[in-house]
Amino acid sequence: MKKQKLKKELGLFDVYAIATGATLSSGFFLLPGLAAVGVGSGLPLAYLLAGLLIVPGLVSMAELATAMPRAGGVYYFLDRSMGPLMGTVGGFGTWIALILKSAFALIGIGAYLALFLPDVQMKPIAAVFAIGFGIVNILGAKKSTSFQSVMVVSLLILLAWFTGFGLMNIETANFSGMFGEASGSLVATAGLVIVSYMGLTKVASVAEEVRNPERNIPLGMFLAFGTAILVYTVGTTIMVGVVSADVLAQNGGDLTPVATVARVLMGPWGAILMTGAAVLAFSSVANAGILSASRYPLAMSRDHVLPRFFSKLHSQGAPVYAIYTTVGLILVFVLLFDPSPIAKLAGAFQLMMFALSCLAVIVMRESRIESYDPRYRSPFYPWLHILGVLAPFWLI
């Protein structure tokens, strides 16, 4: 059976939209209240530290994706650098982790909609969203990323509006004691919020479908990283500055902090608009999650780890059976389980994959394999990569 190739139809903005849309969700709309419990007014510092700690894994993923632009991301990288066993563990683990993150995002939609529709059952709504995104993905990566681009642009416009109003209403007194938190609390909170940045590397799993991957993958990932760290640090600064960390941390942590702040800034309409932004954010995560997760069974099928039908492509060029299975598993987690606590474990697994990606760069470079010729080479080798191997385990 001849291996079917995915179409190269994604450009730089598509890469940026996937990475950005997969990143700006729970980290901004859900976690700040929980993080404020641990670190108080030092909340923006925790997000900044988490962003810096993700850099080694990010640059390593960018290098591996330009050297091996194939579907499957982490699975393909680990399989080629450390052998089939490590690749299989990484492939199955990352596939399930992305499925859990997508299910968690769909449940996150419910947390915000419940502010205005408290009597509506959210699990069926989450299931409908999952099926809808599955259909979009079956139409092909280009259709899915075009839809993703619209959601991301709309989200960024709403966040810019929120930021503009927020910066004019900051109370500097709310930042007293910002640098007084114990370093242990700051690091522990950075470990909690570091999952906010993990969507940045989802694009590595669709590298095979990217035009000029040597340029577009690293550039798209780094632009998305810049956007994410700006939104998280400025956004959390506004949250603390407008309502104070104590308000965010009430009752164990506000689960809808952006709506709370928007209501203070602009009244009920502000809360409604930012609830719309939250729905866009969680939807873009779920859509990007299905897109990237479905490429793992496709890649494993090509290597005969999974049945061959997972690598079968639809007339639109999409791995239809891989998408069916991915959406089916998301529905199982949404309807039958609470994916929230399991998604935290999935976050810990993804941290381990970041560490192994840094190790994979070291293995590939030290092996002196002639065919390993990345157009983007991550800087400060090997010290940055050694840090990238050790830091995730410390955070876990």
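Predicted model: local features only at pLDDT ≥ 70, side-chain atom pairs only at ≥ 80, totals over all residues.
Residues are numbered from 1 along each chain as its sequence is written, and side-chain values use heavy atoms, with hydrogens and water left out. Local features need pLDDT of at least 70 and side-chain atom pairs count only at pLDDT 80 or more, whereas totals for chains, interfaces and linings use all residues.

Rings of Phe, Tyr and Trp (its six-membered ring) are taken to pair if their centres lie within 6.5 Å; planes under 30 degrees apart count as stacked, over 60 as edge-to-face and the rest as tilted. By this rule there are 17 aromatic pairs. In one of them, the ring centres of Y112 and F282 lie 6.5 Å apart with the planes at 50 degrees, so this pair is tilted. The pair joins distant parts of the chain, since Y112 belongs to helix α7 (residues 84-113) and F282 to helix α14 (residues 268-293), 170 residues apart. Helices here are DSSP runs (H or I, at least four residues), numbered from the N terminus. Y112 and F282 are both buried, which means under 20% relative accessible area; exposed means over 50% and partly exposed in between (1.4 Å probe, protein chains only). Ring pairs also link Y112 and F282 with F28, F29 and F162 into a cluster.

Helix α14 also holds I272, which is partly exposed at 37% relative accessibility. The C-alpha atoms of I272 and Y112 are 9.4 Å apart in space, although the two residues are 160 apart in sequence.

Another aromatic pair, Y321 and Y324, is edge-to-face, with 6.1 Å centre to centre and 80 degrees between the planes. These two residues are 3 residues apart in helix α16 (residues 320-336), so about one helical turn separates them. Y321 is partly exposed at 34% relative accessibility, and Y324 is partly exposed at 47%.

Elsewhere, the charged end of R365 sits over the ring of Y381, 4.4 Å from its centre; the criterion is NZ of Lys or CZ of Arg within 6 Å of the ring centre and within 35 degrees of the ring normal.

Two packed helices are described by the angle between their axes and the distance between the axes. Helix α6 (residues 74-82) packs against α7 at an angle of about 170 degrees, with the axes 7 Å apart. This makes α6 roughly antiparallel to α7, a term for angles over 145 degrees. Residues in the contact (heavy atoms within 4.5 Å) include V74, Y75 and L78 of α6 and P84, M86 and G87 of α7.

Key. Axes fitted to C-alpha atoms, helices over the stretch in contact; angles between N-to-C directions. Parallel < 35°, antiparallel > 145°, perpendicular 65-115°, else oblique.
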